[in-house]
Amino acid sequence: MKQEPAVGFSDFTFKYFAQSKPTLKNINLTINKGEKILIIGPSGSGKSTLGNCINGLIPHSYKGKIEGSLLVAGKNPSALKISDLSKSIGTVLQDTDGQFVGLSVVEDIVFALENDLVPTPELKRRAAEVAELVGLGSVLKNSPQEVSGGQKQRTSLGGVLVDDVDILLFDEPLANLDPATGKKAMELIDDIHRKSGKTVIIIEHRIEDVLHRDVDRIVLMHEGEIVADMAPHDMIASDLFFRFGIREPLYVTLLKYAGINITPEMNPAYMSSIDIDSHKEEILRWYRAEEIDLPEAKGDETLGVKNLTFAYTSRKILKDINFSIKKGEMLAIVGRNGAGKSTLSKLICGFEKGHSGEILFNGENAGSRSIAERATVVGYVMQNPNHMITEHRIFDEIALGLRLRGIGDEEIAERVEKTMRICGLERFMKWPISALSYGQKKRVTIASILVLEPEILILDEPTAGQDYRHYTEIMEFLKELNRELGITIILITHDMHLMMEYTKRSIVLSEGELIADTDSSDVLTNVDIVEKGSLKETSIYHIARHIGIENPKSLVDRFISHEASLRRDK
Amino acid sequence: MKKLFNYNEADSFVHNLCGVSKLIGFLAMTFTVMLTFDVRVIGVVMVLAVLTFRVSGIKLRDLKVVLYYISFFVTLNFIMTFIFDPGYGVRLYGTEHVLFAITERYTMTEEQLFYQLTKISKYAATIPFGLLFFLTTHPSEFAASMNRIGLHYKVAYTVSLTLRYLPDIYSEYQIISKAQQARGLEMSKKQKLGKRIKEYFKMIFPLIMSSLDRINNISDAMDLRGFAKHNKRTWYHTRKLSRDDIMVIIFTVTIFAGSVAVTIFINHGRFWNPFI
Amino acid sequence: MFKFNTRTLVATAIGAALFTVLFMYVKIPSPVANTEFHTAYAIGSFFAVVFGPISGFLIAFIGHALSDTFLWGSAWWSWVIASGVAGFLFGLAKKWIDSESGVFGLKEILIFNAVQAVSHLIAWVIVAPLLDILIYSEPVNLVFAQGFVAFISSAIATGVFGTLLLLAYSKTRTKEGSLE
């Protein structure tokens with residue numbers, strides 16, 4: 001007897017009522033019971049919509065027109081109530097704060113059972129079981145404000161496992177996690193998959209991080225269609241990633257730079273499986289072929305931090321921080337959530353007060369300056385552009401800071417137009433902001449800070465949740481600002497690709513202490529810093545170790561310098 | 001705002017009571033004091049309040065700020081009442097014993113003083129139970145308790161969700177307002193009113209829009225886990241009523257019933273009139 | 001208009017949390033001494049128009065009770081109830097204003113402001129004073145004077161802020177029907 005699949009789409013098309021074109025076109029996809037599937041694709045490719053069709057949010061919460069058929073665990077989701085579907089499929093959403101509805105970890109875990117009228121003593125028993133499974137036993141009573149991002153996600157996972165569902169769906173599970181936590185999350189998902197034999201569907205665009213553990217198949221989506229559905233090794237060896245704007249694993253890029261042709265036979269999908277030994281010589285030859293050429297930052301200090309200590313009531317958030325940033329640098333501040341990164345930037349901008357030690361702008365103590373006064377030296381760009389935008393039109397949004405400073409209309413027009421040109425926004429002059437994409441909104445918020453002509457820009461997670469194309473767009477734009485205008489750029493980030501590709505130097509914070517202030521390539525190859533900073537070694541480090549390069553940093557530097565020369569040639 | 005109400009876990013008779021019995025007790029005492037204008041009844045409640053505070057182990061100095069606010073408000077109300085209607089006590093109690101006169105209109109009588117002091121004692125007697133309830137009950141128990149005394153579970157869960165997202169929205173408000181201040185917005189009295197209103201609007205508009213963004217995610221997450229599947233739900237944070245709980249419920253409800261009895265049979269009204 | 005599904009419930013909870021934060025922290029000093037414009041009622045009116053009267057009632061009731069509790073340790077019930085009544089009445093405007101359509105013109109502005117002004121009038125000049133007299137036996141002229149001041153300042157704050165909010169919100173709506 002043929003086993004019925006966990007999920008089966010056939011000739012499935014879906015169009016949201018609000019939109020003129022279908023978001024999913026002619027989908028044919030079968031996911032068998034017990035399989036572990038990765039669905040990838042750039043933003044707007046329809047991968048999240050596909051997920052919402054599987055878990056029943058479509059058509060129950062988001063209305064639209066469905067053609068073709070879809071069966072989940074043998075049943076049509078449209079014909080069931082969403083609460084009945086939740087017995088067979090559990091979804092872990094990207095927004096861990098939105099999913100965490102309980103006032104404490106344990107209440108959120110049992111949420112589904114409470115809705116199902118399970119009596120209280122039984123709730124306690126099941127909560128204890130699940131907490132054990134997802135490793136939350138020690139924080140059961142904690143409030144959502146008291147747990148880390150990784151623990152929030154585990155809570156979400158616990159909250160769906162408590163129902164003993166057959167299918168687990170993860171929508172961008174890595175989006176809000178630091179590298180080390182993301183790695184652990186993939187391990188936990190894999191362990192649960194192995195032990196329980198549940199069907200696992202992961203929607204994500206950070207391929208290399210998902211492929212930390214095995215998957216059975218990768219499904220690639222583009223503009224609402226499935227363009228490929230193949231075994232991981234075949235997918236990595238193909239040119240599909242390049243064609244559809246998805247970032248391939250870094251070690252694959254390195255092998256390609258070294259002139260190696262990637263074939264499925266090399267088992268290239270996982271760092272742990274790829275055959276490096278037979279290509280050792282080629283890599284070494286490439287490594288030695290060129291001098292490493294990375295320019296040093298020079299210039300005067302623009303921002304200095306001396307003996308900076310800060311505490312909320314009695315808890316110390318920052319302990320004796322010292323560093324100096326030169327004019328025109330572009331650097332990263334990294335570390336896990338709660339390590340003190342955002343407190344540090346808030347102190348620099350004057351959002352928080354009451355620290356000891358000094359913050360120096362061009363050698364002058366900024367201690368007594370107000371928030372608005374500091375903003376003319378250091379501009380702060382929030383992670384979510386929607387947190388900053390107040391105007392209807394782009395021009396007004398960018399002009400706001402100047403208007404509030406009482407500058408004349410003529411000068412405002414001149415400065416805003418100049419800034420819009422720099423930011424590539426001039427063709428949107430007359431557009432309402434609501435018509436812009438996320439990335440374009442980000443540009444508008446950067447422009448609205450840039451127009452005040454600060455010397456330093458601090459950006460909080462500028463690329464969080466962005467696909468490769470938007471990531472590249474935002475980062476290349478920042479790089480241009482840095483190079484052309486000489487603006488110092490400080491990036492607060494979790495993204496190790498970003499650190500490697502765009503910042504020469506990184507400052508690592510851990511539990512309020514500065515534990516490293518050195519080359520980014522150094523940070524990503526130093527096991528000790530990686531562990532304390534909740535980072536992950538870059539896969540290039542593993543290659544270096546594997547082929548016996550004594551100092552892994554130098555292979556990373558070679559990689560960075562090669563990329564830089566490629567960019568120069570372009 | 002990280003910890004709501006500064007709730008602290010502690011081991012006392014009051015802390016160990018179920019949320020629902022504390023809620024009933026709090027409501028019974030509140031209604032008792034709202035109903036009556038008899039200082040003798042209010043006095044009983046006040047003595048109970050002091051005793052309960054003692055038992056709970058909460059220190060008065062932890063409540064300094066709250067007490068300061070309250071005394072300010074009570075004083076203001078005392079003065080305003082006298083300014084607006086200095087003869088109210090005389091009309092209420094039907095006699096006039098003059099204490100001293102400032103002007104002809106502003107004459108302080110025993111009746112006015114007694115009325116105003118009764119009113120102060122009313123405030124003073126209700127506030128401690130509100131404080132006690134919020135200081136000794138885990139926020140998680142609120143919703144379950146409200147549902148248990150008969151409020152619809154959806155209303156109870158709304159309160160629980162409000163408490164869940166309040167700290168998040170508060171910290172979001174802070175960072176947004178700081179980032180807007182960096183652009184030059186001010187929340188001060190310096191500007192003209194029209195401009196001031198515009199600036200306040202720009203300060204809170206992004207907060208409202210981002211709060212709206214949350215709604216879909218949260219309601220999806222709840223639907224996906226079967227919220228509102230049945231016409232009721234169970235709660236992790238409920239306990240069986242202990243002997244203490246039942247005693248507290250009986251005791252406080254009896255006091256309320258007693259004050260109703262005093263009102264109907266002894267005072268023949270809500271006021272106790274010592275002047276006749 | 002009176003349905004209370006999961007989305008409405010969540011909107012109500014978020015609205016109540018916003019109401020609490022604004023009630024406690026975002027008060028605009030007015031030119032008259034010792035009075036402030038509460039921006040919180042504008043939020044309440046905005047959510048009520050979008051999500052209906054039940055939502056409006058709960059947002060104002062829960063929000064007012066919580067902020068009172070944080071500030072004073074206990075809620076001033078007569079005014080909390082009055083807030084709830086105002087919130088409920090704001091929501092009746094939903095009958096004539098379809099906020100999701102993106103249409104918020106002069107007609108809608110007038111309707112919204114008429115409804116909110118009447119709502120505040122009922123809440124502060126009728127409900128709150130009557131409850132104050134009933135519960136605390138406050139002097140009649142005192143409670144009506146207080147109620148009148150509250151009515152004027154709340155109606156102004158809601159009128160200005162609520163209108164601005166609904167206008168800005170409707171502008172974000174227009175685009176969505178025509179997404180490519």
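Two residues are in contact if their C-beta atoms, placed from the backbone, lie within 7 Å. Keep that in mind as we set off.

The model on your screen is predicted: local features need pLDDT of at least 70, side-chain atom pairs count only at pLDDT 80 or more, and totals for chains, interfaces and linings use all residues. Residues are numbered from 1 along each chain as its sequence is written, while chains are lettered from A and ligands numbered from 1 in the order in which they are written.

**Stop 1**

Select chain B. Of its contacts with a separation of 6 or more, 73% are between residues 24 or more positions apart. Switch to a cartoon view and you will find 10 helices and 2 strands; helices (H or I, at least four residues) and strands (E, at least two) are DSSP runs, numbered from the N terminus. Along the sequence, the order in chain B is α-α-α-α-α-β-β-α-α-α-α-α.

Why is chain B more spread out than a compact globule? Its radius of gyration is 24 Å, well over the 19 Å that the globule rule gives for 276 residues, so chain B is more spread out than that. The radius is taken over C-alpha atoms, and the rule is 2.2 Å times the number of residues to the power 0.38. Along its principal axes, the C-alpha trace of chain B spans about 65 × 60 × 35 Å.

Now colour two pieces of chain B: domain 1 (4-138 + 238-266) and domain 2 (162-223). These bounds come from an automatic or database domain assignment. The centres of the two domains of chain B, taken over C-alpha atoms, are 36 Å apart.

**Stop 2: where chain B meets chain C**

Show chain C as well. Here 47 residues from chain B and 42 residues from chain C make up the contact. On the chain B side, α4 (64-84), α6 (110-136), α8 (153-183) and α9 (193-223) each supply at least two residues, and α9(B) gives the most, with 15 residues. That side of chain B has 32 nonpolar, 7 polar and 8 charged residues. In this count, Ala, Val, Leu, Ile, Met, Phe, Trp, Tyr, Cys and Pro are nonpolar, Asp, Glu, Lys and Arg are charged, and the others, Gly among them, are polar.

**Stop 3: where chain B meets chain A**

How many residues of chain B are in contact with chain A? There are 43, and they meet 50 residues of chain A. The elements of chain B that give two or more residues to this side are α7 (139-148), α8 and α9.

**Stop 4: a strand with two partners**

In chain A, select β10 (residues 301-312). This strand runs antiparallel to β11 (residues 315-326) of chain A, joined by 8 bridges; two strands pair if DSSP finds at least two bridges between them. Zoom in on A:Leu303, which stands opposite A:Ile325 in β11(A). The hairpin has 2 residues between its strands, and A:Thr313 takes a positive phi near 40° there.

In β13(A), A:Ser356 is the bridge partner of A:Thr309.
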